[in-house]
Amino acid sequence: MNPEPPSQVVLVIDDEIQIRRLLRISLEAGGYRVFEAASGADGLAEAAQRRPDIVVLDLGLPDMDGVSVLKRLREWSNVPVVVLSVRDREDDKIAALDNGADDYLTKPFSTGELLARLRVAQRHARPPLDEAVFKNEHLEVDLTSRTVKVSGKQVKLTATEYALLQLFVRHAGKVLTHRQILKEVWGPNYVEQTHYLRVYMTHLREKLEQNPSAPELLVTESGVGYRLMVK
Amino acid sequence: MNDDVRADPDKLLEAIQRQETQQKRGKLKIFLGMAAGVGKTYAMLEAARKQQSLGVDVVIGYVETHGRKETDALLVGLPVIPRKVSEYRGVTLSEMDVDAVLARKPKLALVDELAHTNAPGSRHPKRYQDILELLDAGIDVYTSLNVQHVESRAHTVEEITGSSIHETVPDSVLDLAEIELIDIAPDDLMRRLDEGKVYMPDRAAVAMVNFFREGNLTALREMALRLAAERVGQDVRDYMQVMQIQGPWKTGHRLLVAVSPSPFSAQMVRWTRRLADSLDARWMAVHVESSRAYSEEEQGRLTKNLALARELGAEVIATVDENLIRGIMRVARQQNVTQIVVGKPAREGVWKFFRRGWIMRRLVEESGDIDIHIVRADKTEEPKAPPVFRVPSQVAWKTYAISIGIIIGVTLVNAALNASTSIGYRALALNFLLAVVVLALFVGRGPVLVCAALSALCWNFFFVPPKFKFYIASLDDAMMFGMYFVVAVVMGELIARFRTQEKAERRREERTTALYLLTRELADAVTLDQISQIVVKHVADLFQSEVAVLLPEADGKLSSRPRPGSTFNVSAKEYGVATWVFEHNQPAGQFTDNLPSSEALYLPLATPGGVMGVIGVKLPHASPLTVEQNNLLEALVRQAALVIDRTRLHEAAQQSNLAAESERLSRTLLDSISHEMRTPIAAIASAASGLSDAGVSAKPQVTQALLGEIKEAGARLNRLVGNLLDIARVESGHVKPNLDWCDVGDLINVTVKGIARELARHKLEVVISPELPLVRMDFVLMEQALTNLLLNAAFHTPPGTLIQVSANPGDGEFALTVADKGPGIPPESLPKIFEKFYRAPGAKTGGTGLGLSIVKGFVEAQNGRVEAANRPGGGAAFTIILPLAEAPAMAGEAA
């Protein structure tokens with residue numbers, strides 16, 4: 001009989017005790033072992049000590065600003081980090097994502113969303129298991145052969161469109177900021193040229209979505225970026 | 001004309017106010033003596049030492065002992081404020097340092113010689129004015145005074161002693177003071193003089209000896225005693241007035257004295273003051289201005305006489321009338337005067353005798369039941385009275401010449417007519433008469449009368465038989481000549497008088513017009529800058545001078561920078577003068593008693609509510625303004641002050657309106673927020689408590705339902721908090737849009753997904769124009785705005801109805817519209833619908849009323865606008881309009 005795989009360890013860094021309590025309940029129900037820290041400094045210490053598999057970091061910490069915690073953490077660890085923020089703090093979220101966070105959640109969030117994002121983040125943290133094929137409902141992408149099929153039918157994409165899709169597939173399930181996308185697909189000189197992104201997203205949606213005006217695959221993350229949904 | 005024998009409320013108020021100001025002001029005690037050397041300074045110092053021993057803080061402001069040992073001895077122990085030393089034309093002068101005394105703030109200050117004139121360059125020309133300032137500051141003052149220096153007595157003293165009095169103190173100052181009489185017998189004083197105990201400046205030695213004669217001293221002593229007694233009487237009367245004691249009130253007399261430039265007027269004014277005092281009556285000084293112009297010297301004397309009257313407590317009235325008697329009587333009737341004071345000159349030339357007699361008789365006849373006092377003039381005073389027909393000025397010569405020339409011309413014409421036609425000599429007289437009448441329309445009185453006479457003589461000489469002789473043959477002709485003469489003179493006189501009346505009327509009208517124009521322009525002025533510009537313009541124009549307006553800053557102190565529009569800059573020294581005016585609410589500067597060596601005249605802009613500011617006028621003339629000019633200036637300044645006050649009050653009213661409005665809004669906010677918040681909280685609390693109940697948690701349906709309620713309540717609370725934060729951002733101006741190229745379809749999609757549950761009961765239709773390019777907007781703000789519009793539509797329309805979202809490009813703009821098929825917006829609400837907390841009457845209750853104002857705030861922060869309208873087929877349509885810009889070109893790619 002296979003022993004139960006050891007539980008994943010999650011470190012929750014949040015100054016609000018109510019949030020920590022709630023997260024503990026949800027995460028333990030999801031099978032995680034939970035450690036808590038109430039401040040940025042404590043969080044960094046715990047991270048060094050406990051070596052968690054994933055970190056949930058609140059951006060509204062009292063002692064250190066969330067992005068600084070992230071930067072310090074990233075100096076010596078690649079542990080996946082999901083940040084928590086509130087509405088109207090898009091700039092904070094973008095800064096966090098650009099500085100090494102893997103994903104974000106806007107309070108109030110549902111438990112399901114939380115667990116889903118954690119799973120995605122962890123999956124991308126492990127060394128890629130040669131996932132050359134991406135499948136999601138109607139979309140199938142084969143990275144080795146560079147073929148894209150929608151509902152079984154092959155679809156022709158331009159080089160840029162493919163590069164864009166490829167980026168999303170490689171980060172399937174994770175949010176990508178506009179800057180990140182522009183930098184990866186068009187190059188560092190294009191990070192301000194959002195209109196390129198908009199136009200190509202529209203093209204991509206036209207070609208890949210069942211209902212381009214109500215996209216289910218390539219989803220807009222309001223004010224932050226885009227996300228390729230996984231099942 | 002007699003007032004009732006009861007307390008006159010005006011007088012009562014005056015007396016009470018007097019008492020009140022007396023209490024706040026310092027108290028003045030005057031040590032009064034009949035002459036120098038009676039021991040006033042000595043007594044003053046003694047009294048001060050006594051006060052000091054009682055613990056009062058006493059200082060010496062200015063005391064002159066003249067080296068007398070006994071007096072010097074009393075100085076020991078009393079702190080002395082060092083005098084202010086100044087140099088004037090090489091002579092070192094020392095005066096009391098008023099500022100030092102004010103700064104020292106003693107309880108009691110000793111200042112000798114109340115009547116002293118200060119050195120030029122001092123703050124005030126006279127020491128008594130310095131003392132008034134000390135009193136205003138609450139410092140008590142002891143001072144000394146000789147009876148000869150009292151204004152109303154000065155003239156009498158001059159008469160008695162024969163020496164002229166140069167320095168006087170107005171009676172109004174004595175009215176404020178407690179008088180302590182220092183009395184010694186004349187014999188004693190003369191003995192002291194012999195002993196050398198009386199100070200005498202060497203030059204005046206001879207005059208002084210003359211002065212110190214027994215007869216003089218006795219008379220002076222009596223005057224001093226009487227003065228002191230009168231003062232006591234006044235105190236008693238005041239007391240009786242305040243206590244409402246029915247004393248032996250004199251019936252309410254009112255006195256009137258006619259004032260002219262004659263120096264005799266000054267005497268009469270003083271005499272009237274004494275009469276008014278003894279009758280306890282009000283009195284006024286009246287100047288009747290006629291067409292006769294005054295020389296500058298006369299003007300100066302007139303102003304001084306009127307100023308004297310004012311100082312002595314009279315009300316000064318100026319009026320215009322050709323006829324002196326008529327003018328006086330008019331004013332007398334208007335003001336309910338009971339007694340008129342006129343003067344009769346001592347020396348009378350023949351002509352003056354006639355005039356005077358005539359005036360007297362007229363006056364007595366016209367006066368009806370008004371008493372007339374005829375006061376004798378002093379022989380030495382009256383200067384040589386100028387003859388009635390004065391030669392006015394150089395230019396007038398020309399007028400005379402021209403007029404005479406015209407008469408000569410007419411004579412020649414007449415001669416021609418006489419010679420060539422059958423027109424008789426009698427008819428020609430009418431030509432002359434016509435000429436005189438026409439002349440009267442253009443020239444002054446003098447030339448007209450000359451011509452009238454000349455024309456009569458010409459007619460006589462050249463035309464009336466026998467010709468070329470002044471002798472008249474027939475009786476008819478003689479009578480005609482006589483009548484002609486009379487008629488010509490009378491006509492000329494009447495027309496000339498009429499013209500001067502008209503001129504005077506026009507002058508008065510000009511004055512009224514000036515005031516009217518100023519008032520009219522000021523009525524339109526809104527800001528203080530506008531007001532000061534208008535005032536400066538008018539005053540500068542009318543008085544040909546430079547004007548500056550100074551208004552106080554927020555801290556209450558006068559600004560040192562003149563308001564825009566002012567034509568001269570106020571130097572630091574002048575600023576001190578202006579500040580003084582501001583604080584004391586009295587004019588200062590040129591031609592006033594306060595700081596007369598300033599560059600300009602500074603007037604306070606005063607209203608009953610206080611001093612609004614200061615206006616400085618740099619008068620170009622070397623001599624002071626006439627009475628009329630002064631009145632005009634005062635009226636303009638008063639008007640300006642009122643308007644400034646009005647502006648100030650208006651601003652204050654607006655502030656208080658704003659405060660009231662914001663008060664109302666915060667109350668509304670609290671009410672609606674508290675309701676909106678409590679409802680979901682109540683739902684959560686009760687659902688949660690339900691879930692913890694064992695009986696409920698056993699039923700999964702109930703559990704699910706309660707959980708649903710909690711979720712919904714949570715979402716609602718979240719939205720409410722979001723709205724509050726949004727509106728706070730909008731209100732505080734913290735909405736900084738992150739403008740970027742966005743896809744409108746994406747926006748609509750994301751928004752709709754976000755409120756899918758709330759929109760579930762409605763049909764939603766989205767129409768996006770295919771030509772719609774990328775739009776520059778803040779995605780997050782627009783998402784919130786669109787959310788609010790959709791939620792509004794869903795909330796206010798019946799379930800099942802259609803909600804349409806459409807996006808269309810326009811001319812440089814892009815329109816995003818949310819239209820519903822609900823009840824629509826009541827027309828009267830349309831303009832107000834985007835206001836905070838506004839609820840259309842009849843709308844469903846619920847929500848905070850903030851949604852639309854958030855939409856407006858967010859859209860306007862992106863340089864857009866919002867519109868609301870009713871749809872023709874029913875329902876409401878809300879449109880967001882944003883500017884459409886050209887998207888930058890994109891590089892094509894290799895396919």
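Student: Why is B:Phe31 called buried?

Tutor: Buried means under 20% relative accessible area, exposed over 50%, and partly exposed in between, with a 1.4 Å probe and protein chains only. B:Phe31 has 0% relative accessibility, so it counts as buried. Bear in mind that this is a predicted model, where local features need pLDDT of at least 70, side-chain atom pairs count only at pLDDT 80 or more, and totals for chains, interfaces and linings use all residues. Residues are numbered from 1 along each chain as its sequence is written, chains are lettered from A and ligands numbered from 1 in the order in which they are written, and side-chain values use heavy atoms, leaving out hydrogens and water.

Student: Why is the pair of B:Trp459 and B:Tyr484 called tilted instead?

Tutor: Their ring centres are 5.9 Å apart and their planes stand at 40 degrees, so the pair is tilted. B:Trp459 lies in helix 17 (residues 445-463) of chain B and B:Tyr484 in helix 18 (residues 475-524) of chain B, so parts 25 residues apart in sequence are tied together. Both B:Trp459 and B:Tyr484 are buried.

Student: And what sits in the loop between helix 17 and helix 18 of chain B?

Tutor: B:Tyr471 lies there. At 55% relative accessibility, B:Tyr471 counts as exposed. B:Tyr471 touches B:Asn460, B:Pro465 and B:Pro466, leaving aside residues up to four places away in sequence; a contact means heavy atoms within 4.5 Å.

Student: How do you know that B:Arg127 sits over the ring of B:Tyr62?

Tutor: The rule asks for NZ of Lys or CZ of Arg within 6 Å of the ring centre and within 35 degrees of the ring normal. The charged end of B:Arg127 is 4.0 Å from the centre of the B:Tyr62 ring and sits over it. Likewise, B:Arg776 lies over the face of B:Trp741, at 5.4 Å from the ring centre.

Student: What makes a group of residues a nonpolar core, and which residues touch the most other members of the largest one?

Tutor: A nonpolar core is a set of buried Ala, Val, Leu, Ile, Met, Phe, Trp, Tyr and Cys residues joined through side-chain atoms within 4.5 Å. The largest has 58 residues, and B:Leu110, B:Leu145 and B:Leu189 touch the most other members. Helix 10 (residues 214-242) of chain B gives the largest share of this core, 5 residues. Apart from it lies another core of 38 residues, including B:Val750 and B:Leu882. As for B:Leu145, its contacts beyond four places in sequence include B:Phe31, B:Leu114 and B:Val169.

Student: Why is strand 1 of chain A described as largely enclosed?

Tutor: Of the 6 residues of this strand (residues 8-13), 5 are buried, so the rest of the structure largely encloses it. Two strands pair if DSSP finds at least two bridges between them. Strand 1 of chain A is joined by 6 bridges to strand 2 (residues 32-37) of chain A, running parallel, and by 4 bridges to strand 3 (residues 54-58) of chain A, also parallel.

Student: What makes the crossover from strand 1 to strand 2 of chain A right-handed?

Tutor: With the strands pointing away from the viewer, the path from the first strand over the helix to the second must run clockwise. The β-α-β crossover here passes through helix 1 (residues 17-29) of chain A and is right-handed.

Student: How do you know that strand 14 and strand 15 of chain B pair?

Tutor: There are 2 bridges between strand 14 and strand 15 (residues 601-607) of chain B, which run antiparallel. B:Ala588 stands opposite B:Tyr602 in strand 15 of chain B.

Note on methods
Phe/Tyr/Trp six-rings, centres within 6.5 Å; stacked < 30°, edge-to-face > 60°.
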